[in-house]
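Please read it alongside the sequence and the model.

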Amino acid sequence: MTRWKAGERVQDQASRERMAHLLAERVPHTSLPRPFYDDPDFFRLDMQAIFESRWVFAGLACEIGKPGAFFTVEIGETSIIVCRDREMTVRAFFNSCRHRGSIVLDQPCGRRTSFVCPYHHWSYDPTGRLLRAPNLDPAADKGELGLRPVHVREIAGLIHVCLAEDAPDIAPLAAALGPAAAPHRLAEGKVVHTVTLHEQGNWKLVMENARECDHCQAGHPELMNTLLIFDFADPWSDPAIAEFWRRCEASGLPSVTRDGADFRVGRMPFKPGNLSITMDGKPAVCRRLGDWPEQDIGSLRFTHYPSMFGHIHADYAIVVQMLPKSAGETIVTCKWLVHAEAVEGRDYDLERLVEVWRATNDQDRQLVERNQRGVRSVGYRPGPYAEASEHGVWTFVEWYARTMQGFAGATSHSAAAE
């Protein structure tokens, strides 16, 4: 669905035509032209075509474990409330009062029996129903003035939302990620640490950096203690990985890599002798996620465009959310999950748990910011991706190019017809 903003149609149409032209001339499997990384008009089109129209990772089910618990998430200029109602159903709403549009909840998270707008004290229950509206016209229908709902879907403890009126099909992602992540019971875990980075880089550069590991050997020494580098395009070509998959699948752990148009889900082993991503490769948490008795189950790695990736190990999980703030800024939030009954100081040491990924995230921030500075140069020209080692990058970029070509081309033709 096309979302026009008042006063922007002529400007947006010109940007669409320019974007469609650049995409039509682009050489496949190369990086994008400069405007895709730094042009505010192109960024607005990204928001309309992708972040306001597709499924976006919002947060974790364990963060709203009780009735009335909520968290808020910012997707561009749109604030969303994600909460549990009394029946423990996950719900999502636009964080905009139905009176005059004020933000209802300013807090990032909490628990309430009702959500009260501080402006004029309209209040809503966790199902979004309007409870109280001082000075409301008696002729107004309260039943039509509840918080506007947002599409929401929980997949194995991972909550996604879609801002569009008609949400695209999320069943392929659910079918791949749900069974693979379910044994780890993330919904029953708890978040014990969160790091938020304001990266001065376009969201696509953040995702591109996360989709390859050519830079890992030099850029991530802590991570490379345990992380196994493999042929992204054809992991079956490695006999050790193929054997690892056969062992996991035989024991009931869905593991073989599964690809979709906008996602990848697969379990990969660590370097031999390692059981977790820690400095020494030993488990960081005594209490394992889920009930799985086997320790040597590698890392369930998954990514979903445009907003997230994660790793789930036997002992802990990290989930990384990437949300654009502007053409040149992305908010990256990393959360560490452990078993709900794991106790710090007894079952895990927090510093040991977070040290590898904390270092890795900051190293990635620096790499993205250097990349952003470079693509802003008048001397920048798109370059080729390596077919094997950068398979994940060009897969993402080609998905993006197809998505935006369809959006820019379709809306250009529509406007011309009018």
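Buried means under 20% relative accessible area, exposed means over 50%, and partly exposed lies in between, with a 1.4 Å probe and protein chains only. By that scale strand β13 (residues 263-268) is mostly covered, with six of its six residues buried. This is a predicted model: local features need pLDDT of at least 70, side-chain atom pairs count only at pLDDT 80 or more, and totals for chains, interfaces and linings use all residues. Residues are numbered from 1 along each chain as its sequence is written, and side-chain values use heavy atoms, with hydrogens and water left out.

- Helices (H or I, at least four residues) and strands (E, at least two) are DSSP runs, numbered from the N terminus.
- Two strands pair if DSSP finds at least two bridges between them.
- F263, V265 and R267 point one way from β13, while R264, G266 and M268 point the other way, and all are buried.
- Strand β12 (residues 258-259) pairs with β13 in the antiparallel sense over two bridges.
- A hairpin of three residues joins β12 to β13, and D259 stands opposite R264 in β13.
- Strand β14 (residues 299-304) also pairs with β13 in the antiparallel sense, over six bridges.
- In β14, L300 is the bridge partner of R267.

**A three-stranded sheet**

- An open sheet of three strands runs in the order β6-β7-β8, with antiparallel pairing.
- Its edge strands are β6 (115-116) and β8 (130-132), each pairing on one side only.
- Two bridges link β6 and strand β7 (residues 123-124) in the antiparallel sense, and F115 stands opposite Y124 in β7.

**Cavities**

- A cavity is a set of points, on a 1 Å grid over the protein atoms alone, where a 1.4 Å probe fits but cannot get out; lining residues have an atom within 4 Å of a point.
- Grid points are joined across faces, edges and corners, and a volume is the space filled by probe spheres set on the points.
- The structure holds two cavities of 30 Å³ or more.
- The largest cavity has a volume of about 100 Å³.
- Its lining includes E199, N209, F309, M322 and D364.
- α5 (203-210), β16 (317-326) and α8 (350-375) each supply at least two residues of that lining.
- For the class counts, Ala, Val, Leu, Ile, Met, Phe, Trp, Tyr, Cys and Pro are nonpolar, Asp, Glu, Lys and Arg are charged, and the others, Gly among them, are polar.
- The lining of the largest cavity has seven nonpolar, two polar and two charged residues.
- The second largest cavity holds about 40 Å³ of space and is lined by F57, G59, L60, V319, Q321, T333 and K335.
- β1 (56-60) gives the most to the lining of the second largest cavity, with three residues.
- By class, the lining of the second largest cavity has three nonpolar, three polar and one charged residues.

**Cysteines**

- A disulfide is a pair of cysteine sulfur atoms within 2.5 Å, and the count comes to one.
- C213 is joined to C216 (S to S 1.7 Å).
- The torsion about this S-S bond is about -100°, so the disulfide is left-handed.
- C213 counts as partly exposed at 22% relative accessibility, whereas C216 is buried at 3%.
- C162 is in no disulfide; the nearest cysteine sulfur, that of C83, is 18 Å away.
- C162 is buried, with a relative accessible area of 1%.

How values were computed:
On a 1 Å grid over the protein atoms alone, a cavity is a set of points where a 1.4 Å probe fits but cannot get out, and a pocket is an open set with protein on both sides within 12 Å along at least five of seven lines; lining residues have an atom within 4 Å of a point.
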